[in-house]
Structure formats: structure tokens, C-alpha cells
Amino acid sequence: MLIMAWNRLLAAFLAATSLCSVASAGHYLPDPLQDQDFAAASELKIELGKQLFFDKILSGNLNISCATCHHPFAGTGDGLSLSVGEGARGTGVARDTGTGLDVVHERVPRNAPAIFNLGALEFTTLFHDGRIQPDPDSPGGIASPAGTQLPFGLDNALAAQAMFPVTSGTEMAGQPGENPIADAAASGMLAGPDGVWEQLAERLRGIDGYVTQFIAAFDDISDAQDICLVHAANAIAAFEAVAWRSDDSPFDRFLRGERHALSRLQVQGMHLFYGRAGCSGCHGGSLQTDHTFRAIAMPQVGPGKGDGPSGHEDFGRERVTGNPADRYRFRVPSLRNIALTAPYGHAGAYNTLDAVVHHHLNPLKGLEDYDIRESRLPHRPDLDAYDGYAMNDPSIRAAIAAANELPPVELRESDIRALIEFLHALTDTSALDMRSDVPASVPSGLSVAD
């Protein structure tokens, strides 16, 4: 209560000075985050989840882990505009597209989003299009692409999300004919005795180092046969939620009463963010997101999701709702640690914070002027041919422009610099060194290093 009272007094003080007109602009600084805003978990479950997150045992061809596309050394992403999953080699921006018979089939159609703060209780909707979302009529109260196949017992949306990369041929399962898990995924058989999730659980049951940990971490497991992939997903979510909670940035400390946590330029940027720049209209709340879906003329890079006459578009939220009004709308992301999580946009169109901020200030100009060279992708001629397809089609560009909901904002370059400085103030310094989040080894014995 004292912290909240301080926050209100601070907003009033800033509004009364030349530093910030937060109150007069009709916006208020959010309340500081507290422990009760986040999910908690036991140390045993967190440690188990850490090992599972880095273990390639969960991929069809035993060659890729969750961490491949969400590595702590790349801001819990991979540093690429679009991930390259099955068939590739390496980690982060050094990842290639494979050679010989072992090559990438296609780029993952969307950017690998950062995982920071997804353990916050307010995150009930996940993925760029929100296809994991609350639904009282769905199994466990969670709607998902699996429909009625989604099993009960998942702790939260983050655990539900962890069930799906392993089912994607492009991401972790592999291509049909390469392994039984890939075959099941291609046929849409996720649950059941021969489904993707049961096959992966059977692998885990055969590794003594995992069985011991599962029994210790979960009260409903007494022997190996009780282990199911729901347990693994819950452990992975526990690790992600606790390890990558980031709420000790300069801005957080400012909200908690440390008057000098922000520089004068960052305070000026905060004034713009919560004032005339209009950023908080979408990026409000304690984690700088209102969890809505917006169309902001973000350029489309890569193969797309099979939408439109060409099959190289991505209709975003419409793919979930079926409502044409949701076309090209994507989830408003949290801005925590934003300076560490480039590239930006649902398809990673922009490789720098400066570029994506300029796009937000004038989306239609950003779309009109967009150059595919602003993306970050490992090159291969056959894949490159699709990367700029949508942006080279005037009709697709026009449709994306017509759906734009974000009006332009005029700011001086000095204002933009201040705004970017404030965005840097959203970085938790603990996220600058996450070496301790990487295990030295995993129970399967598979390599963690590449």
C-alpha cells in the first residue's frame, strides 16, 4: 500500500513539474510489480524444467531443443528474424540452414518471441496470434490448436504453449518419414497411445535421471509409467516463469521509490511514452502491454502462414477468430528487456530498436520504405526467394496498409532519442548475464552446446 501511495504521489509530482505531465495527459504510471503478480514453483520443478528446456530428447530427430530458438544468450530468442528449426546447425545468429541431406525444410514463419516475464499471472494469451487463450469450454479451460486433444492438468497458458513446438515439423518434430514423432505430427495425431506427446513421454520414462527428478518434483508421480508430457510442460513453464522473471529494471526501481534510478533523459522519454507519443495506448500496464491485438502495418517477411492468394501472407489474429476485421492484427508484446530482444515484429522485420520505433511513429511510411535487408536471416537462395515475396507484391502491401490502426506521431529526433533511452530503462540488468540458466549437461546425454 505504501508503494502504491508513493507511486501516485510520484506521478502527481512529475505532472506538476517540467519533467513529466503524466497526470495531465490522462495517463498514469503503472504500479510496481510484486511477488503476487507472478507464478511460483518449487526448486525441484524449476531444475527439472531447466534440463528439459535444453534437452534435444524432446525433438523428433534428437537435434533441437527449446533453447535452440529461445536461448538466454540471445535474450531468450535466437537473434534471427525467423527461426530455422529442424535441419539447421548452430545457435542464435550463427545458426545456418544445414547442408547435404540434413537441411532446413522452410523457415519458421514467425519470429521467436522472448520469454521474459511470461510467468506473470496476467499472461493468459500466448503466441503472436493468441491461439493459446482462456476458454471455459475447452480442456482445462485453455483453447489451443489441439482442440479437444489438449490434455488436462496444464498449470497455465505458458505450460500449454510448451506442448506445441514439439508438434511442428518445421520447429522440432522433423519431416514425415524421418521419425515416428514427425509422422504422428504430420497426421495431426498429438494425443493418444501413438501420438506425439505420448511418444515423447515414453522417451523420458526410459531415462533414469529424469524419472528420479519427475518423482521428486510431482506428487502424482510414483513411478516412471506415471510420467506424461503434461508434467514436462509444467516443469518447463516453471523454469521459464522463475528464471526469466525480469522486474528489477531502472524503471521498476523508479516505481518503487528510487528517485534517481532514471536519468533525466530517461524521465523525458517516460514522459513521451506515457504522454504525447501515445505508446502507453497499447503498451500500458506494469509490463507495457495491454494484451490486445493491433494492426500496425508491420512488414511481412518470410514464407508466411499460407494465407492469401499467394500463400505467402500471414493474417495474424484472423487465423484464430475467423473474423476478417482481425486480419494483420498481432499480439501487443511486452516491452520488458526490449533492447535485448531484436529483431522486432511478428516476422522480425526490423533488426534495430531505432528502426522499429520509427516504424511505430509512422507505420505507413515504414511499410512503404521497408527494405528486406533490415531483417536478419541466414541466406540460402531457395529460402531467400520467399523472404521478400509479400513486400514485393503491391496488392499485399496495400492490404497491410489499409488495415493499419496506428496514426502517425510527429516527434523531434531529440524526442526519439529520449524515448529510446526510456526503452533501455526497461532492461533488468540480471538479463545481461544469464550463463547460470544453461545446464552443463542433461540426463539424456545429448549435447547442450550446439
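Let me begin with a definition: buried means under 20% relative accessible area, exposed means over 50%, and partly exposed is in between, computed with a 1.4 Å probe on protein chains only. What you see is a predicted model, in which local features need pLDDT of at least 70 and side-chain atom pairs count only at pLDDT 80 or more, while totals for chains, interfaces and linings use all residues. Residues are numbered from 1 along each chain as its sequence is written, and side-chain values use heavy atoms, with hydrogens and water left out.

Leu62, then, counts as partly exposed because its relative accessibility is 36%. Leu62 sits in the loop between α2 (43-53) and α3 (66-69), where helices (H or I, at least four residues) and strands (E, at least two) are DSSP runs numbered from the N terminus. Although Leu62 is not a glycine, its phi is positive, at about 60°.

Asn337, also not a glycine, has a positive phi of about 60°, and is found in the loop between β6 and α13. Is Asn337 buried or exposed? Asn337 is buried, since its relative accessible area is 0%.

Pro343 is placed in the loop between β6 (330-331) and α13 (353-361), and the peptide bond joining Ala342 and Pro343 is cis, with omega about 0°.

Lastly, Asp307 belongs to the loop between β5 (293-294) and α12 (318-321), and it is buried because its relative accessible area is 10%. Setting aside neighbours within four places in sequence, Asp307 is in contact (heavy atoms within 4.5 Å) with His312, Glu313, Asp314, Phe315 and Arg319.
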